[in-house]
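Thanks for coming, everyone. Let me put the structure up on the screen, and then we can walk through it together.

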Amino acid sequence: EFLLLDSAVTRLKVDGDPAAWHLGGIDHIGGTLAEVLPSRNERTRRDHEGFGMPVPTDLPQDEKSTDGRWRRHSNVATLYTEKGARGLYLAAAGGESVVQFDWRVEGADCRLDAIGEMCDVRVDPGETRGSETVLVLVEPCAEAAVGYAHWLADALGARTHRGPVTGWCSWYDGGPSVTAKHVVSVAGAVAARRDRLPMQVIQVDDGWQRQAGDWECNDKFPDGWKPVVEAIRRAGATPGIWLGPLVAHEKVTFLNYAGEKENLKDGRMLDIHPDWFQRDAAGKLNGSAGNWGPTSYWLDPTHPGVQAFIRRVVRRAVQDGFRYFKIDFNNVAGRLHDPKKTHLQALRDLYRLYRDEIGEDAYLLSCSGFNRATVGLAD
């Protein structure tokens, strides 16, 4: 990592009442400097409890993770008073790496560490690596946010010609219980009420696939995609699909994926291609998810074999008629197959792959909140 700023000696102080100063980020709300918030570990546990599952990995036990006086804001940190009229806007502003703004809050007296995460990239003899650019904007929050957006658009490209779209997503209707029959029924209701329900998109979400990593229709879609896609088109809407091609369940076999068969023995993807999976520095599987029953792991998007696999999965969805893509579970961590890529660079390359496969005329949703990796690539 690069330590870009360390205010341990020269402290960062604010004037007036600490309760009048709000420290926040773009990813969560934050709080005033007078508050002691739950620690990072406690917030992680609460997040997983909200999903009804335990934390899938061991939590770090360092001071920044266990002490509520420490607050971390990724990529953007804002410290303002007077309803945003006076303060600081700090923001990572390029495509090199994630920047963490770590604050130790003790009333009006703060410590700030700005850390550029370089993810254990390899630097060979004679080679140089630069840190991430960080903007420090001292102006009202609204003006700073607009300035930052323009900076990113210039640095990473702007893709703003489509704008937001409206429509129906099966997840917010019935979660993973989605069926072909229900989607067709919804499309029929929209078609009958186009004047009152001008849905631009009708999107099938998680629950249609046989398993994470096996991207074929399950038995809730007995006739495949054709009748579903045709019903959505009759409603005057764009057919949309949810995919998570970077995640694979431990029991998924590799024989059949995206309508193609690999000429290999029977077996799990995890056994046949162990080098496809993200791993930590010790070689252990890095990260897991229990959304589809224990346990799913993440593929390494810098591995050529994984890239070819993802291309086939996405290309199949394009061939089936989908033109709106919600691509989820884009988690990148650990040591990567390409030792020169930071996690941010690998994620940006992954979104570039998605865009390349779906084409310029399809809509790509950034299903990861605000993320510099998607700027200029997602709609």
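Let's start with a question: how many bridges join β11 to strand β12, and do they run parallel or antiparallel? There are three bridges, and the two strands, with β12 covering residues 201-204, run parallel. If you'd like a pair of residues to look for, find Trp168, which stands opposite Ile202 in β12. Please keep in mind that this is a predicted model.

Now zoom out to the whole sheet. It is open, has five strands, and pairs them in parallel in the order β11-β12-β15-β20-β21. At the edges stand β11 (167-169) and β21 (363-365); each has a single partner strand, so one side of each is left without a neighbour in the sheet. From one strand to the next, the twist averages 20 degrees.

Next, the helices. Helix α5, residues 180-192, lies across β11 and β12, and runs at about 170 degrees to β12. Helix α8, residues 304-319, lies across β15 (238-243) and β20 (324-327), at about 160 degrees to β15.

Is Thr302 buried or exposed? Its relative accessibility is 11%, and buried means under 20%, so Thr302 counts as buried. Its side chain reaches the backbone nitrogen of Asp338 at 3.0 Å, and a polar atom of that side chain lies 3.2 Å from the backbone nitrogen of His337. Leaving aside neighbours within four places in sequence, Thr302 is also in contact with other residues, including Gln307, Leu336, Lys341 and Ala346.

That's my tour, and I'm happy to go back to any view.

Methods
Residues numbered from 1 in each chain as written. Predicted model: local features only at pLDDT ≥ 70, side-chain atom pairs only at ≥ 80, totals over all residues. Heavy atoms only, no water. Pairing = 2+ DSSP bridges. Helix = DSSP H or I, 4+ residues; strand = E, 2+ residues; numbered from the N terminus. Axes fitted to C-alpha atoms, helices over the stretch in contact; angles between N-to-C directions. Contact = heavy atoms within 4.5 Å. Buried < 20%, exposed > 50% of the residue type's maximum accessible area, 1.4 Å probe, protein only. Polar contact = N/O pair within 3.5 Å; in protein donor to acceptor, adjacent residues only side chain to side chain.
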